[in-house]
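Work through the exercises below with the sequence and the 3D structure open beside you. Try each task before reading its solution.

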Amino acid sequence: MTIALYPGGFDPITNGHLDIVQRAASMFDEVVMAIYPRSSETFDVDERLALIEGATRHCDNVRAAKFTGLVVNFADEVGASVLVRGIRAVTGFEAEFDMALMNKKMAPHIESVFLMSGHEHLFISASRIRELASLRHPVNDLVPPNVAEALTQKYGPPLQRSD
């Protein structure tokens with residue numbers, strides 16, 4: 001049984017994250033979306049956990065968990081032999097490549113797998129979603145429905161655009 005760990009902030013989970021985890025779920029027996037807490041967050045870790053669980057409810061082999069510390073240590077803790085990372089652009093590859101090399105140095109038994117974001121999700125990032133939602137711009141086509149609802153509760157409904 002191959003367990004893959006997909007670590008990230010997921011603040012909030014986006015359709016891009018969902019695309020990556022669904023594709024990973026078709027490749028591995030189990031995928032653990034591992035939430036790392038940040039000092040600056042829109043949703044606290046427990047809220048993000050609930051948002052991921054709601055967004056991935058249709059994926060039987062995906063679960064969410066929270067962790068602190070080194071990702072390779074948490075991978076060992078959950079029995080993961082693969083780290084899944086999504087890449088949106090060439091510039092992201094450099095940082096991911098460096099991280100993968102360090103992870104390989106610390107834990108040679110864990111492989112890193114990179115999945116390219118689908119072209120329709122290349123421009124989506126959680127930081128952009130947070131900014132748009134805080135300015136009350138509609139984001140419901142960029143995030144799962146439960147996340148759009150949570151963002152509306154946090155920031156208020158999207159403002160009507162006058163075109």
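This is a predicted model: local features need pLDDT of at least 70, side-chain atom pairs count only at pLDDT 80 or more; totals for chains, interfaces and linings use all residues.

**Exercise 1.** Describe the lining of the largest pocket, and find which element gives the most to it.

*Solution.* Begin with the pocket itself, which has a volume of about 830 Å³ and is lined by 40 residues, with Pro7, His17, Arg85, Gly86 and Glu96 lying nearest its centre. Next, sort the lining residues by type, which gives 20 nonpolar, 14 polar and 6 charged. Then turn to the elements: β1 (3–8), α1 (15–27) and β5 (111–116) are among those that each supply at least two residues, while α4 gives the most, with 8 residues.

**Exercise 2.** Decide whether Thr42 is buried or exposed, and list its contacts beyond the neighbours within four places in sequence.

*Solution.* First locate Thr42, which sits in the loop between β2 (30–35) and α2 (45–55). Its relative accessible area is 14%, and because buried means under 20%, Thr42 counts as buried. Finally, with those sequence neighbours left aside, Thr42 is in contact with Asp11, Glu47, Arg130, Lys154 and Tyr155.

**Exercise 3.** Explain why the buried residues of α3 lie on the same side of that helix, and name the elements against which they pack.

*Solution.* Start by picking out the buried residues of α3, namely Val71, Val72, Phe74, Ala75 and Val78. These residues cover an arc of only 160° around the axis, and therefore they lie on the same side of α3. From there they pack against β1, β2, β3 (62–66), β4 and α4.

Key: Residues are numbered from 1 along each chain as its sequence is written. Side-chain values use heavy atoms; hydrogens and water are left out. On a 1 Å grid over the protein atoms alone, a cavity is a set of points where a 1.4 Å probe fits but cannot get out, and a pocket is an open set with protein on both sides within 12 Å along at least five of seven lines; lining residues have an atom within 4 Å of a point. Grid points are joined across faces, edges and corners, and a volume is the space filled by probe spheres set on the points. Helices (H or I, at least four residues) and strands (E, at least two) are DSSP runs, numbered from the N terminus. Ala, Val, Leu, Ile, Met, Phe, Trp, Tyr, Cys and Pro count as nonpolar, Asp, Glu, Lys and Arg as charged, and the others, Gly among them, as polar. Buried means under 20% relative accessible area, exposed over 50%, partly exposed in between (1.4 Å probe, protein chains only). Contact means heavy atoms within 4.5 Å. The arc is that of the directions from the helix axis to the C-beta atoms.
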